[in-house]
There are 2 protein chains.
Amino acid sequence: MKEKGILTVVSGFSGSGKGTLMKELLARYPDRYALSISATTRMPRQGEADGREYFFVSRDEFEKMIAKGELIEYAKYVENYYGTPRGYVEKMLDEGRDVILEIEIQGALNVKKLFPDTLLLFVTPPNAGELKKRLVGRGTESMEVIESRMNRACEEAQGMECYDYLIINDRLDECVEKMHDIIRGEHLRSSRNREFIEEIRKDLERLKGEE
Amino acid sequence: MKEKGILTVVSGFSGSGKGTLMKELLARYPDRYALSISATTRMPRQGEADGREYFFVSRDEFEKMIAKGELIEYAKYVENYYGTPRGYVEKMLDEGRDVILEIEIQGALNVKKLFPDTLLLFVTPPNAGELKKRLVGRGTESMEVIESRMNRACEEAQGMECYDYLIINDRLDECVEKMHDIIRGEHLRSSRNREFIEEIRKDLERLKGEE
């Protein structure tokens, strides 16, 4: 029996380094993980390829995908739609890959509602001071920009306890392994192995009677 | 802040190899783990030392421990009491060690009720056939013994889904690392890091106002 992959949603503070973390995870274990590819109605930028960075679709196509329930979640930013096509995710999960999906909290909770087996990971710097340092950047940002980033961080912190695990991103190298450990460990949850439990019970009863 | 240890209860089929597994885990990571030491009213056997294999106590002392709530769980087998002294476990947890406790399912569920943060692990061979092979042993056992072992296994299988994780013991070496991964991963559960979450929120609010 080929083991099914786990849908893993990664969220975290802007400036938590979650992008780098996921990229590194995929690079180290390319056979285990797949990054979910979003569909979007925005135009491709220089160097972006359809089916690699995004699935580029028209507004009409996107709205048809919504209507047909072909998106796990979607959101509209400014004038453009962004969403997660269900087909690609399910194909990868069926192939036994753990699919990594980067979305913000509201989307994460929606996905969890739709797929209760979803694993929710939240990436955070080791403390608030470190986060502010990263948000302030090289000292070239205006007070307004920093303030708006800090406000955003306060909002992002509101949903932290809805996530299954916190990934404290102090050292990238260790952090990638922590994330990998967590996902591997989750495969052994008894709630994800009901079939195994049923099978061993049935077989024990059968073998008890034999010889 | 010194991180508190996790109380980890290990149960599993007789013949699942859980004893060997735990011994190996302790041997590999002696600073991280501590094995809970049971108190018992039975007499020490040759080579057993008080405070190492068991805390050897009189029946009177044991019953006083029960009365004072000094045992996390206890049971009586034949004429002797066996139980888990709370003091030793809490001392180890406070020192940041993950405490491993080997007990059967009813005890495990009682411990979980008393300490909801308890992690429950169930060790199982990869399938029922393998388990039967181990229970049959070298072919020197009587039909009655095998039958009684198989009946016991069927009972043991009844509570499997109450455990947090299944440890499928196919290869000892990998299995030890799986167990270690799971326990390390559990330390990152957001439910075990409420203080961290509260602190980062409070600090973000404070830093937002500064400069």
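Residues are numbered from 1 along each chain as its sequence is written, and chains are lettered from A and ligands numbered from 1 in the order in which they are written. Because the model is predicted, local features need pLDDT of at least 70 and side-chain atom pairs count only at pLDDT 80 or more, while totals for chains, interfaces and linings use all residues; side-chain values use heavy atoms, with hydrogens and water left out.

**Chain A**

Chain A contains 8 helices and 9 strands, taken as DSSP runs numbered from the N terminus (helices: H or I, at least four residues; strands: E, at least two). Its C-alpha atoms fill a box of roughly 80 × 45 × 30 Å along the principal axes. Of the 211 residues in chain A, 45% are buried, that is, under 20% relative accessible area with a 1.4 Å probe and protein chains only. Among contacts (heavy atoms within 4.5 Å) in chain A with a separation of 6 or more, 68% join residues 24 or more positions apart.

**Nonpolar cores**

A nonpolar core is a set of buried Ala, Val, Leu, Ile, Met, Phe, Trp, Tyr and Cys residues joined through side-chain atoms within 4.5 Å. The largest has 38 residues, and those with the most contacts inside it include A:Ile100, A:Leu121, B:Ile100 and B:Leu121. In both chain A and chain B, helix H1 (18-28), strand E8 (119-124), strand E9 (165-168) and helix H7 (172-186) each supply at least two residues of this core. A second, separate core of 33 residues includes A:Leu204 and B:Val99.

**Interface of chain A and chain B**

Buried area is the accessible area (1.4 Å probe) that two parts lose on being put together, summed over both. A salt bridge places a side-chain nitrogen of Lys or Arg within 4 Å of a carboxyl oxygen of Asp or Glu.

| Interface item | Value |
|---|---|
| Area buried between chain A and chain B | about 4,100 Å² |
| Share of that area from carbon and sulfur atoms | 65% |
| Salt bridges between chain A and chain B | 6 salt bridges |

In chain A, A:Leu188, A:Arg201 and A:Leu204 lose the most area to chain B, together 16% of what that side buries. B:Arg189 forms a salt bridge with A:Glu186, their closest N and O atoms lying 3.0 Å apart.

Key. Buried means under 20% relative accessible area, exposed over 50%, partly exposed in between (1.4 Å probe, protein chains only).
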